[in-house]
Amino acid sequence: MQLKDKLAILADAAKYDASCASSGAGKRHSLGKGGIGSTEGMGICHSYTPDGRCVSLLKILLTNFCIYDCAYCVNRVSSNVPRARFATAEVVRLTLEFYKRNYIEGLFLSSGIIRNGDYTMEQLVEVARSLREDHRFAGYIHLKTIPEASPELLAAAGRYADRLSINVELPTEAGLKQLAPQKDAPGIRAAMGELHTRILAAKPSRQEAQPKRRRPPKFAPAGQSTQMIVGADAADDRAILVSSDALYRQFRMRRVYYSAFSPIPDASTQLPLRAPPLLREHRLYQADWLLRFYGFEVKEIVEDVPGQGGMLDLDIDPKLAWALRHPDRFPVDLNTAPREMLLRVPGLGARNVQRIVDSRRQGRLRVADLARLRAPLQKLLPFVVLLDHHPRQRLDDPARLRRDLAPAPRQADLFG
Amino acid sequence: MYRATITPGWDLEAWRTQARRAWEAELSPESVEWLADAQGELLASATVAEQPVRRQGLSVPADFMALAAAVLCHRDAGRHALLYRLLWRIGQGERALLGRATDADVQRATRWAQAVRRDTHKMKAFVRFRQVQGGDDAYIAWFEPDHYIVDRVAPFFMRRFAGMRWAILTPYRSVQWDGAQLWAGEGAVRADAPADDAEDALWRTYYANIFNPARLNTRMMRQEMPQKYWKHLPETHLLPDLVREAGRRVREMDEREAQEPRRRIPGRPRTPG
């Protein structure tokens, strides 16, 4: 089989992994080192596919042969998709040649399980080793980690890779048992815990940053991430967010990705007939942001709202939904309210909150000042007080406010 | 009117020198005409540099210099004057001016700096190197930035592609890395760079196959990858076909009946099909 044909199959097989992040690796360059590659903290998207997703890394599988039979997966053993396998040298070659042309930031390598976990992990690690040692490649490397691989292989993976990830796949253990019977939920969590311990141990503490102390060996400086499939099992948004919240707390995940289960070629009969709306995935990401950057707790985001049964509102974003459930907390005076409360105002992002805090030190804010920050006034004004603005009775009727603020329904097929 | 000529027009040191002279001579923002490059040489007005020093220089906050470095790369001819007005106001006592995101001057400077940062970021993303024919491991890229950012981003490409020899050509300036040193030179034309690269075919294969037709969202794609960059990107030739075929591919997946596995799976009895 030609390299081009393998690439077609093994890129197609990799596209259901949502992560393409190339950030968080710290600063590194290739000056005076005889190779190529750099990372400067911020990721770069080198292209966008027509699904609106960023192309940052060469995201491929080493092979899509797999001994597992996970119902949601295009590569499960019982699927009839065409199969291929790269030689490790072929992945190295593709990464370097693509990188030299500035198509990519680096490599995200994953694989179906062949023979056993250790054998497969060894191959993944060998690609990363060759890039780093044989070719002095300083670009970004993200390796998928196989939970049952031995500790020595994990250590080697963390030495060469910037980021490691193990997919939790489904939000609940019951879901995993049902759709991925050969996967082992406690084993996955144990492996995440192991990665977490090693990542922590490798972070130079303030004392160790002093020149005399020996720094601990490098281990996945960009941390670990994971992915959950949304809509393949019966888990509701509350179950998903509870699970993410635990992953962030227990393992200090850099990111939990949500991947709306999407139609795949040769789908299993165990899967639901219809894919969930992509809007559900979008709302989960918004809720995830509220958890991580806006000081919200899961129970505030998915409260027991009659008729909603643990699901996020699809019509309006979760922060606006919270505000409409708590009209008593508003209006917020932008000239005096503490930052924590500014973060809870619908339509105010973290950056504009910072700008407001900076600007109000120098003079009291008016509506025109907010307009200059390009904040969405229509959404904001019902919830805030400014020197020349008060929402009056608008908060007395949240149902009406909701009708005013919910976007007009879009064509149904836009979101599948 | 007094004139101040900045050569090259995006250079922080050149602007800083002129601005310091103007400040020391107590020339108000309204009385200085700012010109980029040599365009002002023929004018009869007196230069800023010839004016007598009337007061001490001015120390400005560090974030002002960072802002100025970015704003100077903007293509708007009013950028030098805007920066001097900000400098003047800071010097006149508005020390915390830059913190006032709602001030009209600050806002314009911030917006220009953002435009420059965005252009810089997009250049890092969308430059495509093409290998020079003839065995040498050398690469050339053609790019058309919106602003005067080549000098600003060149060090990024140097740090990243240190082990290669490369050049980036743009209409107003070019930059070259020979493996040891960066060289800046004059602008070029598109024909000076190779039109394609043997690796483009593999890259297009990757691009076509990493796309998920079930999630078609061209609005998002256009927002992040504006059409003006498409001519630089080998993969965008595929876009019309990928977009047109997406609906059909998804329908086919939806309508297809579940299939029995064709492969023998060890340890599992084969269901008669």
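Leaving aside neighbours within four places in sequence, A:Ala157 touches A:Met121, A:Leu124, A:Val125, A:Ala128, A:Leu143, A:Thr145 and A:Leu164. The model described here is a predicted one. In the largest nonpolar core, which has 180 residues, A:Ala157 and A:Ala128 are the residues with the most contacts inside the core.

- As a general background, nonpolar side chains tend to be buried together in soluble globular proteins.

**Two crossing helices in chain A**
- The axes of helix H2 (residues 88-100) and helix H3 (residues 117-134) of chain A come within 9 Å and cross at roughly 45°, which makes H2(A) oblique to H3(A).
- This crossing of H2(A) and H3(A) is right-handed.
- From H2(A), the residues A:Thr88, A:Val91, A:Val92 and A:Thr95 meet A:Gln123, A:Glu126, A:Val127, A:Ser130 and A:Leu131 of H3(A), and by class this contact has 4 nonpolar, 4 polar and 1 charged residues.

**Where chain A touches chain B**
- Between the two chains, 55 residues of chain A are in contact with 52 residues of chain B.
- Elements of chain A that give two or more residues to the side touching chain B include helix H1 (3-12), strand S5 (57-61), H2, helix H12 (350-360) and helix H13 (367-372).
- H1(A) provides the largest share of that side of chain A, with 5 residues.
- Sorted by class, the residues on the side of chain A that touches chain B are 23 nonpolar, 18 polar and 14 charged.

Definitions and conventions:
Residues numbered from 1 in each chain as written. Chains lettered and ligands numbered in written order. Predicted model: local features only at pLDDT ≥ 70, side-chain atom pairs only at ≥ 80, totals over all residues. Axes fitted to C-alpha atoms, helices over the stretch in contact; angles between N-to-C directions. Helix = DSSP H or I, 4+ residues; strand = E, 2+ residues; numbered from the N terminus. Parallel < 35°, antiparallel > 145°, perpendicular 65-115°, else oblique. Left-handed = near helix turned anticlockwise from the far one by under 90°. Contact = placed C-beta atoms within 7 Å. Nonpolar A, V, L, I, M, F, W, Y, C, P; charged D, E, K, R; others polar. Core = buried A, V, L, I, M, F, W, Y, C linked by C-beta atoms within 7 Å. Buried ≥ 20, exposed ≤ 12 C-beta atoms within 10 Å, placed from the backbone.
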